[in-house]
Amino acid sequence: MTTYRGSHKLKHRKRRKRFSIFRHKGIFILVFLIVLISGALYYFTSKQFQVDDVLFTGLSQTPEADVREYLDVQLLQKKFFVLPANVIWLVSPDALAIALTRTFPTLKSVRIVRKYPRSLEVRAVEFAGWGVLCHGEPEECFWIDRGGVAFDHAPGFSGIIVPKIRDKREREFKLGERQLSDKMMQLIAYFDERAVSNDYLQSLQFTIDARDQTLRVTARGGWDILLLEGSDPESAYKNLKTSLEGEIKDKVANLLYIDLRFGNRIFYKFKGETN
(Lines give C-alpha, C1' and ligand atoms only; values in the text may rest on other atoms or scores of the structure.)
Protein backbone atom coordinates (compact mmCIF):
# COMPACT_ATOMS: atom_id res chain seq x y z
CA MET A 1 0.00 0.00 0.00
CA THR A 2 2.88 2.39 0.86
CA THR A 3 4.56 1.62 -2.45
CA TYR A 4 1.31 2.36 -4.34
CA ARG A 5 0.83 5.71 -2.59
CA GLY A 6 4.42 6.76 -3.26
CA SER A 7 4.08 5.84 -6.91
CA HIS A 8 0.82 7.79 -7.17
CA LYS A 9 2.42 10.91 -5.63
CA LEU A 10 5.36 10.63 -8.00
CA LYS A 11 3.05 10.47 -11.04
CA HIS A 12 1.07 13.39 -9.71
CA ARG A 13 4.24 15.50 -9.33
CA LYS A 14 5.30 14.59 -12.87
CA ARG A 15 1.90 15.65 -14.25
CA ARG A 16 2.08 18.96 -12.41
CA LYS A 17 5.58 19.51 -13.72
CA ARG A 18 4.51 18.79 -17.30
CA PHE A 19 1.48 21.08 -16.92
CA SER A 20 3.70 23.81 -15.53
CA ILE A 21 6.06 23.44 -18.50
CA PHE A 22 3.15 23.57 -20.97
CA ARG A 23 1.68 26.57 -19.19
CA HIS A 24 4.95 28.48 -19.33
CA LYS A 25 5.38 27.58 -22.98
CA GLY A 26 1.82 28.74 -23.67
CA ILE A 27 2.39 32.03 -21.90
CA PHE A 28 5.65 32.50 -23.79
CA ILE A 29 3.97 31.80 -27.14
CA LEU A 30 1.06 34.12 -26.29
CA VAL A 31 3.40 36.93 -25.28
CA PHE A 32 5.48 36.33 -28.40
CA LEU A 33 2.38 36.51 -30.62
CA ILE A 34 1.17 39.69 -28.88
CA VAL A 35 4.58 41.32 -29.35
CA LEU A 36 4.77 40.12 -32.95
CA ILE A 37 1.26 41.38 -33.85
CA SER A 38 1.81 44.66 -32.02
CA GLY A 39 5.09 45.17 -33.85
CA ALA A 40 3.49 44.36 -37.20
CA LEU A 41 0.59 46.75 -36.51
CA TYR A 42 3.00 49.46 -35.44
CA TYR A 43 5.08 48.98 -38.58
CA PHE A 44 2.24 48.69 -41.09
CA THR A 45 0.35 51.65 -39.59
CA SER A 46 3.44 53.83 -39.27
CA LYS A 47 3.85 57.09 -41.21
CA GLN A 48 5.57 55.40 -44.11
CA PHE A 49 2.24 53.76 -44.99
CA GLN A 50 -0.03 56.72 -44.17
CA VAL A 51 -1.50 58.56 -47.17
CA ASP A 52 0.15 61.95 -47.62
CA ASP A 53 -0.71 62.72 -51.26
CA VAL A 54 -3.91 62.53 -53.31
CA LEU A 55 -3.83 62.93 -57.09
CA PHE A 56 -6.93 64.02 -59.04
CA THR A 57 -7.96 63.51 -62.65
CA GLY A 58 -11.21 64.48 -64.38
CA LEU A 59 -12.22 67.42 -62.20
CA SER A 60 -13.33 70.65 -63.86
CA GLN A 61 -16.75 71.65 -62.47
CA THR A 62 -16.10 70.21 -59.02
CA PRO A 63 -13.63 72.29 -56.95
CA GLU A 64 -10.57 70.15 -56.28
CA ALA A 65 -9.95 71.96 -52.98
CA ASP A 66 -13.39 70.94 -51.69
CA VAL A 67 -12.89 67.30 -52.65
CA ARG A 68 -9.43 67.28 -51.08
CA GLU A 69 -10.76 68.79 -47.85
CA TYR A 70 -13.52 66.18 -47.70
CA LEU A 71 -11.01 63.35 -48.16
CA ASP A 72 -8.69 64.83 -45.53
CA VAL A 73 -11.53 64.76 -42.99
CA GLN A 74 -12.42 61.16 -43.86
CA LEU A 75 -8.80 60.03 -43.61
CA LEU A 76 -8.43 61.59 -40.17
CA GLN A 77 -11.04 59.21 -38.76
CA LYS A 78 -10.21 56.04 -36.82
CA LYS A 79 -10.71 52.46 -37.92
CA PHE A 80 -11.87 50.11 -35.18
CA PHE A 81 -11.60 53.09 -32.80
CA VAL A 82 -7.79 52.93 -32.63
CA LEU A 83 -6.22 52.53 -36.09
CA PRO A 84 -5.66 55.60 -38.30
CA ALA A 85 -7.95 55.54 -41.36
CA ASN A 86 -5.30 57.11 -43.58
CA VAL A 87 -3.16 53.96 -43.59
CA ILE A 88 -3.14 52.88 -47.21
CA TRP A 89 -3.90 49.25 -46.33
CA LEU A 90 -7.04 50.33 -44.46
CA VAL A 91 -8.39 52.76 -47.07
CA SER A 92 -11.55 51.43 -48.71
CA PRO A 93 -11.51 52.79 -52.29
CA ASP A 94 -15.08 51.70 -53.08
CA ALA A 95 -16.56 53.19 -49.90
CA LEU A 96 -14.72 56.48 -50.43
CA ALA A 97 -15.82 56.63 -54.09
CA ILE A 98 -19.49 56.15 -53.13
CA ALA A 99 -19.18 58.82 -50.43
CA LEU A 100 -17.71 61.30 -52.92
CA THR A 101 -20.50 60.82 -55.49
CA ARG A 102 -23.10 61.29 -52.75
CA THR A 103 -21.41 64.40 -51.39
CA PHE A 104 -20.64 66.08 -54.73
CA PRO A 105 -23.61 65.83 -57.16
CA THR A 106 -21.47 67.00 -60.11
CA LEU A 107 -19.55 63.71 -59.93
CA LYS A 108 -21.13 61.04 -62.09
CA SER A 109 -18.68 58.32 -61.08
CA VAL A 110 -15.44 58.03 -59.13
CA ARG A 111 -12.73 55.40 -59.02
CA ILE A 112 -10.05 55.54 -56.32
CA VAL A 113 -6.77 53.69 -56.84
CA ARG A 114 -4.13 53.01 -54.20
CA LYS A 115 -0.63 54.10 -55.19
CA TYR A 116 1.68 52.36 -52.76
CA PRO A 117 3.10 53.20 -50.37
CA ARG A 118 1.52 56.59 -49.55
CA SER A 119 -0.66 57.96 -52.38
CA LEU A 120 -4.21 57.76 -53.69
CA GLU A 121 -5.43 58.63 -57.18
CA VAL A 122 -8.99 59.88 -57.59
CA ARG A 123 -10.24 59.31 -61.14
CA ALA A 124 -13.47 61.27 -61.56
CA VAL A 125 -16.06 61.47 -64.32
CA GLU A 126 -18.33 64.52 -64.08
CA PHE A 127 -21.79 65.04 -65.46
CA ALA A 128 -21.80 66.95 -68.74
CA GLY A 129 -24.20 69.88 -68.79
CA TRP A 130 -26.70 69.38 -71.60
CA GLY A 131 -29.56 71.66 -70.62
CA VAL A 132 -31.28 73.55 -67.81
CA LEU A 133 -34.32 72.32 -65.88
CA CYS A 134 -36.36 74.95 -64.01
CA HIS A 135 -39.33 74.86 -61.67
CA GLY A 136 -41.19 76.91 -59.08
CA GLU A 137 -41.88 80.57 -58.46
CA PRO A 138 -39.47 82.25 -58.11
CA GLU A 139 -37.83 80.09 -60.71
CA GLU A 140 -35.09 77.71 -59.55
CA CYS A 141 -32.92 76.07 -62.19
CA PHE A 142 -30.57 73.09 -62.34
CA TRP A 143 -28.09 71.78 -64.86
CA ILE A 144 -29.09 68.39 -66.26
CA ASP A 145 -27.11 65.91 -68.32
CA ARG A 146 -28.28 64.09 -71.45
CA GLY A 147 -29.88 61.44 -69.23
CA GLY A 148 -32.06 63.92 -67.31
CA VAL A 149 -30.02 63.86 -64.07
CA ALA A 150 -29.89 67.19 -62.20
CA PHE A 151 -26.39 67.76 -60.82
CA ASP A 152 -25.84 71.46 -60.09
CA HIS A 153 -27.64 74.77 -59.68
CA ALA A 154 -27.81 76.87 -62.84
CA PRO A 155 -28.73 80.42 -63.87
CA GLY A 156 -32.07 80.95 -65.57
CA PHE A 157 -31.02 80.91 -69.22
CA SER A 158 -33.48 81.94 -71.88
CA GLY A 159 -33.07 78.66 -73.77
CA ILE A 160 -31.05 80.06 -76.67
CA ILE A 161 -27.63 78.92 -75.44
CA VAL A 162 -28.73 75.51 -74.11
CA PRO A 163 -32.12 73.75 -74.02
CA LYS A 164 -34.34 75.07 -71.25
CA ILE A 165 -37.10 72.96 -69.74
CA ARG A 166 -39.72 74.32 -67.34
CA ASP A 167 -41.31 71.60 -65.23
CA LYS A 168 -44.61 72.79 -63.74
CA ARG A 169 -45.35 69.51 -61.98
CA GLU A 170 -45.51 69.47 -58.18
CA ARG A 171 -42.52 67.36 -57.25
CA GLU A 172 -39.34 67.44 -55.21
CA PHE A 173 -36.09 68.12 -57.03
CA LYS A 174 -32.88 66.56 -55.69
CA LEU A 175 -29.39 66.96 -57.04
CA GLY A 176 -27.77 63.76 -58.22
CA GLU A 177 -31.11 62.17 -59.16
CA ARG A 178 -32.89 61.62 -62.49
CA GLN A 179 -35.62 64.24 -62.91
CA LEU A 180 -36.88 63.40 -66.41
CA SER A 181 -37.65 59.98 -67.86
CA ASP A 182 -35.74 58.48 -70.78
CA LYS A 183 -38.76 58.95 -73.06
CA MET A 184 -39.13 62.60 -72.13
CA MET A 185 -35.43 63.27 -72.66
CA GLN A 186 -35.43 61.48 -76.03
CA LEU A 187 -38.41 63.55 -77.16
CA ILE A 188 -36.91 66.85 -76.04
CA ALA A 189 -33.45 66.09 -77.45
CA TYR A 190 -34.86 64.95 -80.81
CA PHE A 191 -36.73 68.21 -81.38
CA ASP A 192 -33.93 70.37 -79.98
CA GLU A 193 -31.32 68.82 -82.28
CA ARG A 194 -33.47 69.54 -85.36
CA ALA A 195 -34.58 73.03 -84.38
CA VAL A 196 -31.43 74.80 -85.55
CA SER A 197 -31.79 73.57 -89.14
CA ASN A 198 -35.55 74.16 -89.30
CA ASP A 199 -36.48 77.72 -90.29
CA TYR A 200 -39.87 77.40 -88.63
CA LEU A 201 -38.43 76.42 -85.25
CA GLN A 202 -34.90 77.84 -84.75
CA SER A 203 -34.66 78.03 -80.93
CA LEU A 204 -37.07 76.16 -78.68
CA GLN A 205 -38.27 76.31 -75.09
CA PHE A 206 -39.84 73.29 -73.43
CA THR A 207 -42.56 73.27 -70.76
CA ILE A 208 -44.04 70.24 -68.98
CA ASP A 209 -47.60 71.08 -67.97
CA ALA A 210 -48.68 70.26 -64.43
CA ARG A 211 -52.15 68.99 -65.27
CA ASP A 212 -51.65 66.26 -67.89
CA GLN A 213 -47.85 66.21 -68.34
CA THR A 214 -48.17 67.56 -71.88
CA LEU A 215 -44.85 68.67 -73.29
CA ARG A 216 -45.34 72.15 -74.72
CA VAL A 217 -42.60 73.14 -77.17
CA THR A 218 -42.47 76.86 -77.92
CA ALA A 219 -40.89 77.91 -81.22
CA ARG A 220 -39.12 81.21 -81.82
CA GLY A 221 -42.25 82.59 -83.46
CA GLY A 222 -44.20 82.19 -80.20
CA TRP A 223 -46.46 79.30 -81.25
CA ASP A 224 -46.54 75.92 -79.47
CA ILE A 225 -46.17 72.27 -80.38
CA LEU A 226 -48.12 69.95 -78.06
CA LEU A 227 -46.66 66.47 -77.46
CA LEU A 228 -47.08 63.59 -75.01
CA GLU A 229 -44.24 61.91 -73.15
CA GLY A 230 -44.95 58.69 -75.00
CA SER A 231 -45.00 60.30 -78.46
CA ASP A 232 -42.67 58.77 -81.01
CA PRO A 233 -40.16 61.58 -81.73
CA GLU A 234 -39.54 60.68 -85.36
CA SER A 235 -43.23 60.31 -86.29
CA ALA A 236 -44.20 63.48 -84.42
CA TYR A 237 -41.49 65.52 -86.13
CA LYS A 238 -42.46 64.12 -89.53
CA ASN A 239 -46.10 65.13 -88.93
CA LEU A 240 -44.92 68.59 -87.83
CA LYS A 241 -42.88 69.14 -90.99
CA THR A 242 -45.71 67.86 -93.19
CA SER A 243 -48.16 70.32 -91.62
CA LEU A 244 -45.80 73.32 -91.66
CA GLU A 245 -44.82 72.74 -95.27
CA GLY A 246 -48.38 72.01 -96.34
CA GLU A 247 -51.60 73.48 -94.99
CA ILE A 248 -49.98 75.89 -92.53
CA LYS A 249 -47.10 77.08 -94.70
CA ASP A 250 -48.30 80.61 -95.47
CA LYS A 251 -50.06 81.10 -92.13
CA VAL A 252 -47.28 80.22 -89.66
CA ALA A 253 -47.13 83.82 -88.41
CA ASN A 254 -50.72 83.49 -87.14
CA LEU A 255 -50.31 80.01 -85.70
CA LEU A 256 -51.21 79.60 -82.02
CA TYR A 257 -50.43 75.91 -81.59
CA ILE A 258 -50.17 72.60 -83.40
CA ASP A 259 -51.33 69.54 -81.48
CA LEU A 260 -49.42 66.29 -82.18
CA ARG A 261 -50.70 64.30 -79.19
CA PHE A 262 -53.02 62.04 -81.18
CA GLY A 263 -50.73 60.17 -83.55
CA ASN A 264 -51.41 60.98 -87.19
CA ARG A 265 -54.48 63.03 -86.29
CA ILE A 266 -53.10 66.59 -86.33
CA PHE A 267 -54.94 69.58 -84.88
CA TYR A 268 -53.92 73.22 -85.00
CA LYS A 269 -55.32 76.60 -84.08
CA PHE A 270 -54.63 80.13 -85.30
CA LYS A 271 -54.69 83.37 -83.38
CA GLY A 272 -58.12 84.97 -83.22
CA GLU A 273 -60.00 81.68 -83.64
CA THR A 274 -62.64 81.10 -80.98
CA ASN A 275 -62.62 77.28 -81.02
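**Exercise 1. Work out which hand the link of Cys134 and Cys141 has.**

Start with the pair itself: Cys134 and Cys141 are joined by a disulfide, S to S 2.0 Å. Next, take the turn about the S-S bond, which is 105°, and the link comes out right-handed. The structure holds 1 disulfide.

A word on the ground rules. This is a predicted model, where local features need pLDDT of at least 70 and side-chain atom pairs pLDDT 80 or more, while totals for chains, interfaces and linings use all residues. Residues are numbered from 1 along each chain as its sequence is written, and side-chain values use heavy atoms, leaving out hydrogens and water.

**Exercise 2. Find which elements have the lowest and highest mean pLDDT.**

Recall that pLDDT is the predictor's confidence in each residue, from 0 to 100. The protein chain averages 85, and 82% of the residues score at least 70. Now go by element (DSSP runs: helices, H or I, at least four residues; strands, E, at least two; numbered from the N terminus). Helix α1 (residues 2-44) sits lowest at 62, and strand β5 (residues 119-126) highest at 96.

**Exercise 3. Describe how helix α2 packs with helix α3.**

First, the geometry: α2 (residues 64-75) and α3 (residues 93-103) pack at about 135°, axes 11 Å apart. Then the contact (heavy atoms within 4.5 Å): α2 brings Val67, Tyr70, Leu71, Gln74 and Leu75, and α3 brings Leu96, Ala99, Leu100 and Thr103.

Note on methods:
Axes are lines fitted to C-alpha atoms, for helices over the stretch in contact, and angles run from 0 to 180 degrees between N-to-C directions. A disulfide is a pair of cysteine sulfur atoms within 2.5 Å.
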